[in-house]
Amino acid sequence: KILKDPEEASAYLNAALEAGDDKAFLLALRNVLEAQGGMTRISRQVKINRVSLYKMLSPNGNPGFENVLRLLQGAGIRFQVMPQSGNGSVRNGSAKRARKRA
C-alpha cells in the first residue's frame, strides 16, 4: 500500500491537517497506522492499549498531543512546525515580538 511509505504517509497526513478537520486527521492517521502493520502492531510498539488506540482514533476520539506524537513516531513520521506561507502574518508577528524583546 502507498501509505507504507513514510513520505507518502506524511503528505497524506499533511493534506488532512490542511483541511482543518480534526476528524479527517484522525481518520488519516488511523489509515496510515493500519497500512503500516495494523493497530495491534502499533499499539505494542508505542505501548498504548489497542482498545484505547481504536477509541482515540474514532470519529469521537480525542487523543492527547503526546499520544499523537507517539503514534506518528511509531509510523516513522516526525512532527514539525513551520511558518505559514503566503500571507507573511506569522513572520511579521514573530519579527515584532523579537524587536520588542531586543
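Which residues in H2 are buried? In this predicted model, Phe-25, Leu-26, Ala-28, Leu-29, Val-32, Leu-33 and Ala-35 are the buried ones in H2. Buried here means under 20% relative accessible area, exposed means over 50%, and partly exposed is in between, with a 1.4 Å probe and protein chains only.

## Ground rules

Residues are numbered from 1 along each chain as its sequence is written, and side-chain values use heavy atoms, with hydrogens and water left out. As the model is a predicted one, local features need pLDDT of at least 70 and side-chain atom pairs count only at pLDDT 80 or more, while totals for chains, interfaces and linings use all residues.

## Overall picture

The protein has six helices and zero strands, and reads α-α-α-α-α-α along the sequence. Helices (H or I, at least four residues) and strands (E, at least two) are DSSP runs, numbered from the N terminus. Of its 102 residues, 29% count as buried.

H2 covers residues 22-35, and its 14 residues should span 20 Å at 1.5 Å a residue, which agrees with the 20 Å between its end C-alpha atoms. The expected span is 1.5 Å times one less than the number of residues. At the start of the helix, a side-chain oxygen of Asp-21 comes within 3.1 Å of the backbone nitrogen of Lys-23. That pair is a polar contact: N or O atoms within 3.5 Å, where within protein one must be able to donate a hydrogen and the other to accept it, and residues adjacent in sequence count only if both atoms are side-chain atoms. After H2 comes Gly-37, with a positive phi near 125°.

The cover over the buried residues of H2 includes H1 (6-18), H3 (39-46), H4 (50-56) and H5 (65-74). The largest nonpolar core has 23 residues, and Leu-13, Leu-29, Leu-33, Leu-57 and Leu-71 touch the most other members. H1, H2, H3, H4 and H5 each give two or more residues to this core, and H2 gives the most, with seven. A nonpolar core is a set of buried Ala, Val, Leu, Ile, Met, Phe, Trp, Tyr and Cys residues joined through side-chain atoms within 4.5 Å. Setting aside neighbours within four places in sequence, Leu-33 is in contact with Gly-38, Met-39, Ile-42, Leu-57, Leu-71 and Ala-75.

Gln-36 sits in the loop between H2 and H3 and counts as buried because its relative accessibility is 14%. Beyond four places in sequence, Gln-36 is in contact with Leu-3, Lys-4, Ala-9, Arg-41 and Ala-75.

Gly-61, in the loop between H4 and H5, is buried at 18% relative accessible area. Its C-alpha is 7.8 Å from that of Leu-26, 35 residues away along the chain. By contrast, Lys-47, in the loop between H3 and H4, is exposed at 70%.

## Where to be careful

Mean pLDDT (the predictor's confidence in each residue, from 0 to 100) is 85, and 83% of the residues reach 70 or more. Over residues 88-99 pLDDT stays under 50, and the model has four contacts for them beyond four places in sequence. Where pLDDT is low, the predicted coordinates should not be read in detail.

How values were computed:
Contact = heavy atoms within 4.5 Å.
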